[in-house]
Amino acid sequence: MIPPASPEHSVIVTYLETLAELPWETMSEETVDLKKACQILNRDHHGLDQVKKRILEYLAVRKLKPDGQGAILCLSGPPGVGKTSLGKSIAESLGREFIRISAGGLSDEYEIRGHRRTYIGSMPGRVIQELRRAGTRNPVILLDEVDKIGADFRGDPASALLELLDPNQNSTFVDRYLDVPFDLSQVLFIATANQLDPIPAPLLDRMEVTSLPGYTETEKLNIAKKYLTTKQREAHGLKKSQIKWTDHALETLIEHYTREAGVRNLEREIGAVTRGIAASIVEGDIESSKVTPKAIEKRLGPKQYERDAKVSESLPGVVNGLAYTAVGGDVLHIEALAYPGSGRIKLTGQLGYVMKESVEAAHSLVRSRAKALGIKKRAFREQDIHVHVPAGAIPKDGPSAGIAMFTALASLLSDRPVRHDVALTGEVTLRGLALPIGCLKEKTIAALRAGVKTVLIPAGNAKDIPDLPEEVRERLEIVPVRTVDEILKHALE
Ligand SMILES: Nc1ncnc2c1ncn2[C@@H]1O[C@H](COP(=O)(O)OP(=O)(O)OP(=O)(O)O)[C@@H](O)[C@H]1O
Ligand SMILES: [Mg+2]
């Protein structure tokens with residue numbers, strides 16, 4: 001006789017079902033075929049040669065040592081550069097199931113470790129749930145946006161994630177709901193992140209970070225031509241003969257309708273134009289369409305952005321600085337102004353701590369070299385200085401503005417204009433040495449986009465020059481500098 005269903009009864013039934021349906025032994029047969037993997041990566045993504053090479057090496061090692069416990073691969077870079085979609089391609093090239101878990105959506109420990117079976121509606125953690133759904137125990141799990149975890153997370157995200165991700169711990173992962181260990185060591189975890197700073201150190205330590213720096217305009221054009229237009233055309237059910245994009249139209253979209261390091265908005269705008277054309281074709285207005293810049297203006301309205309511009313004329317106290325923000329590299333205009341006062345400095349423009357300190361250091365440095373720079377002592381005693389970094393309400397920080405700040409102040413007080421086609425990046429010491437910085441790739445891509453001709457970088461970064469995109473190396477004059485004196489020689493008119 002079937003006993004009457006009680007709440008306890010249904011809890012036990014759900015538990016047993018979960019246990020029965022978990023893929024304790026089932027595995028997708030892994031086919032590590034490097035040629036095929038390479039084909040799939042190239043089919044879905046343009047460029048990104050270094051990242052692809054890194055991924056293929058990773059796969060090659062897996063082929064040689066299938067049960068080897070490699071580090072967790074972490075793809076980091078600004079939005080829309082293809083991190084998530086690379087993860088998908090990796091799963092496909094391995095012939096494994098693909099699971100995406102958004103780390104930003106995890107709000108407490110239970111979602112990782114599972115609830116204890118003490119009440120109705122308790123559940124296993126996300127990973128166990130997803131494994132049950134996927135039906136294999138060796139899928140690729142993409143832990144998307146690991147940098148977004150944490151802010152309002154209840155419990156300790158780092159230790160919970162470590163238990164899950166660390167190859168030394170996760171072969172006996174105990175979900176509190178299951179209460180028996182489940183072997184996660186065959187799962188291939190890949191993490192993605194926009195920024196590395198917010199990732200807890202013990203976690204970052206176990207990851208192997210590969211960075212995707214964002215695309216130059218030429219790369220974007222190629223991606224749009226070869227991938228995005230076709231993808232959108234197919235998604236809207238149009239035939240090849242029905243829509244043709246001119247290069248000029250795509251350039252207009254890139255330059256005037258999007259401002260981003262990746263290509264997500266570009267894809268969206270291409271989609272919007274394609275959709276409009278599809279509608280016109282269905283309504284019978286046209287049979288096919290050639291997309292020109294004019295057609296874009298008609299369908300999307302007036303231009304949204306002007307080119308991320310450099311400073312337009314050479315003035316004392318006005319400098320192009322280079323910064324790295326969450327959306328990629330950016331050109332920051334730094335403006336310094338002097339007026340009668342008593343030697344105070346005022347800073348505005350949403351500057352963070354580090355940047356404020358950079359200004360102070362730069363100010364001391366200029367003061368100490370006043371004589372050599374031809375600045376009168378009076379200039380410090382009888383003037384206030386105001387340093388402003390406009391560009392909207394974006395908080396700006398990062399230890400790479402020192403050189404630019406120094407140049408702005410030195411130029412202002414010695415009344416010599418700064419070349420408007422020069423951009424600078426680097427930190428400076430009180431002895432006047434230029435210190436190396438990170439993210440040179442992103443910064444130089446931004447400089448090129450803004451129409452800068454010469455970029456001054458700290459000599460310590462000269463080693464990174466060969467890694468810069470070819471276009472950047474060809475079109476920008478990149479000058480490594482050692483000291484502030486060299487900087488002024490190049491930057492001042
Ligand atoms: N190199 C590329 N070649 C072809 N398509 C690309 C390339 N890079 C990105 N894309 C396309 O751009 C879109 C956005 O990429 P994706 O969603 O992977 O970005 P993401 O790096 O994960 O961004 P986020 O950090 O915002 O999550 C996808 O449709 C992807 O296919
Ligand atoms: Mg993503």
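The shell around ligand 1 takes at least three residues from each of two domains, domain 1 (7-211) and domain 2 (217-300). Those bounds come from an automatic or database domain assignment. What you're looking at is a predicted model, where local features need pLDDT of at least 70, side-chain atom pairs count only at pLDDT 80 or more, and totals for chains, interfaces and linings use all residues. Residues are numbered from 1 along each chain as its sequence is written, while chains are lettered from A and ligands numbered from 1 in the order in which they are written.

Let's stay with the ligand for a moment. Ligand 1 is surrounded by 19 residues, and Pro 79, Gly 82, Lys 83, Thr 84 and Ser 85 are the closest; to be near a molecule or strand, a residue needs its C-beta atom, placed from the backbone, within 6 Å of it. Sorted by class, the shell holds ten polar, six nonpolar and three charged residues. Here Ala, Val, Leu, Ile, Met, Phe, Trp, Tyr, Cys and Pro count as nonpolar, Asp, Glu, Lys and Arg as charged, and the others, Gly among them, as polar. Helix 4, helix 9 (217-235) and helix 11 (264-283) each bring at least two residues to this shell, and helix 4 gives the most, with three. Helices (H or I, at least four residues) and strands (E, at least two) are DSSP runs, numbered from the N terminus.

Five strands make up an open sheet, in the order 2-3-6-1-7 with parallel pairing. Strand 2 (98-102) and strand 7 (207-211) sit at the edges with a single partner strand each, so one side of each has no neighbour in the sheet. From one strand to the next, the twist averages 25°. Two strands pair if DSSP finds at least two bridges between them; strand 3 (residues 140-144) and strand 6 (residues 188-193) pair in the parallel sense over four bridges. Ile 141, for instance, has Phe 189 in strand 6 as its bridge partner.

Finally, look at the rest of the chain. The domain assignment also gives domain 3 (318-491), and the C-alpha centres of domain 1 and domain 3 lie 42 Å apart. Further along, Ala 450 belongs to helix 17 (residues 440-450). Why is Ala 450 called buried? Because 20 other C-beta atoms lie within 10 Å; buried takes 20 or more other C-beta atoms within 10 Å of a residue's own, exposed 12 or fewer, and partly exposed is in between, with C-beta atoms placed from the backbone.

Technical notes
Axes fitted to C-alpha atoms, helices over the stretch in contact; angles between N-to-C directions.
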